[in-house]
Amino acid sequence: MPTAMGQKLFPYFTIPFCLMLFLSPLILPLVSSQLNYNFYDYSCPRLSMMVSYGVWSALKNDTRIAASLLRLHFHDCFVNGCDGSVLLDDSKDGSEKNAFPNRKSLRGFEVIDNIKADVERFCPSTVGGPYWRVPLGRRDGTTASEMDANTQLPSPVEPLQNITAKFISKGLDLKDVVVLSGGHTIGFAQCFTFKGRLFDFRGSGKPDPSLDPSSLPNLQSKCPNKDASNSNLAPLDSSADRFDNAYYTNLKSNTGLLESDQALMGDPQTAAMVNFYSTMNQYYFYNDFSASMVKLGNVGVLTGQNGQIRKKCGSVN
């Protein structure tokens, strides 16, 4: 984990929370059915090095990829558990890639595929997974559901109460909502996810009153009020290439980009947590974010004889 506050995001820092389940998160069929921290020490001892190098190489070519992999992980785990179903190109119930929250916005699949190919060369049909103190041994799901992805994933315009209920249904809690929302400290959002706040908030004909007026001109120039701007990008926070606590500082100044992010300041409990993470040494955010990502990565995992060991991440064997 970076030691300098505000340090640029480095590849080894992205691995724990970006590749928790991907890279074919698999186990040998006849070994222990329980997750543990050292699952691949003997079956694939070079795993962490291969994953590290793969993420580092991708990050060198595309600084946005860390945020994209983080989002990819979240969107998999939130839909029927961390089983790699979001990687499937198709299934009898459709592909999660085509669900509205994912279509033309999820990215990073090629990074997973490239690292998986390296892992298969050295450890065929064995593994894929990250390092940091995360129990390993996940197997891949054999189905995906476009409908479930459309209904289970939180929306950037949903009320906080709805989002919290979705988290709780996954075994997460209110603190996880605040902490995992902090993942928006890196990356960008497409204009269609927040443009309603800029011009005609909830049919009022005016911008969202909870959005700091001083931020409007810049956002409106990035996202003009026309359909052609829907896919334009805006940074999720003021330091989109750094994994820091600026996300929470932005919320306190009413410059959170997404409606669902700024809503954290509208509830006394979540606002108190936002204040804490914005004012304390960001080590506390790092520590709690790590813990919440471990919890997220344990949602609905498959072990033992459940699922399968996919040869290719995008298709069932």
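This is a predicted model: local features need pLDDT of at least 70, side-chain atom pairs count only at pLDDT 80 or more; totals for chains, interfaces and linings use all residues.
Visitor: Does Tyr283 count as buried, exposed or partly exposed, and why?

Guide: The general idea is a pair of cut-offs: buried is under 20% relative accessible area, exposed is over 50%, and partly exposed is in between. Tyr283 has 46% relative accessibility, so Tyr283 counts as partly exposed.

Visitor: How many of the eight residues of helix 7 are buried?

Guide: Six of the eight are, so by the cut-off of under 20% for buried residues, helix 7 (residues 174-181) is mostly covered. The buried residues are Asp176, Val177, Val178, Val179, Leu180 and Ser181.

Visitor: What covers the buried residues of helix 7?

Guide: The cover includes several helices: helix 3 (65-77), helix 6 (160-169), helix 9 (246-252), helix 10 (259-262), helix 11 (268-279) and helix 12.

Visitor: Which residue caps the N-terminal end of helix 7?

Guide: The cap is Asp173, with a side-chain oxygen 3.2 Å from the backbone nitrogen of Lys175.

Visitor: Where is Glu158 found?

Guide: Glu158 sits in the loop between helix 5 (146-152) and helix 6. Its relative accessibility is 15%, so Glu158 counts as buried.

Visitor: What does the side chain of Glu158 reach?

Guide: The side chain of Glu158 reaches the backbone nitrogen of Ser155 at 2.8 Å. The side chains of Glu158 and Lys166 are also joined, by a polar contact of 3.1 Å.

Visitor: With which residues is Glu158 in contact, leaving aside its neighbours within four places in sequence?

Guide: Contact here means heavy atoms within 4.5 Å. With those neighbours left aside, Glu158 is in contact with Leu153, Ile163, Lys166 and Ser260.

Visitor: Which residues form a disulfide?

Guide: A disulfide is read from a pair of cysteine sulfur atoms within 2.5 Å. By this rule there is one disulfide. Cys191 and Cys223 form a disulfide, with their sulfur atoms 2.0 Å apart. Cys191 is in the loop between strand 1 (188-190) and helix 8 (216-222), and Cys223 is in the loop between helix 8 and strand 2 (233-235), so the pair ties together parts 32 residues apart in sequence.

Visitor: Is the disulfide of Cys191 and Cys223 left-handed or right-handed, and why?

Guide: The torsion about their S-S bond is about -70°, so the disulfide is left-handed. Cys191 and Cys223 are both buried.

Notes: Residues are numbered from 1 along each chain as its sequence is written. Side-chain values use heavy atoms; hydrogens and water are left out. Buried means under 20% relative accessible area, exposed over 50%, partly exposed in between (1.4 Å probe, protein chains only). Helices (H or I, at least four residues) and strands (E, at least two) are DSSP runs, numbered from the N terminus. A polar contact is a pair of N or O atoms within 3.5 Å; within protein, one must be able to donate a hydrogen and the other to accept it, and residues adjacent in sequence count only if both atoms are side-chain atoms.
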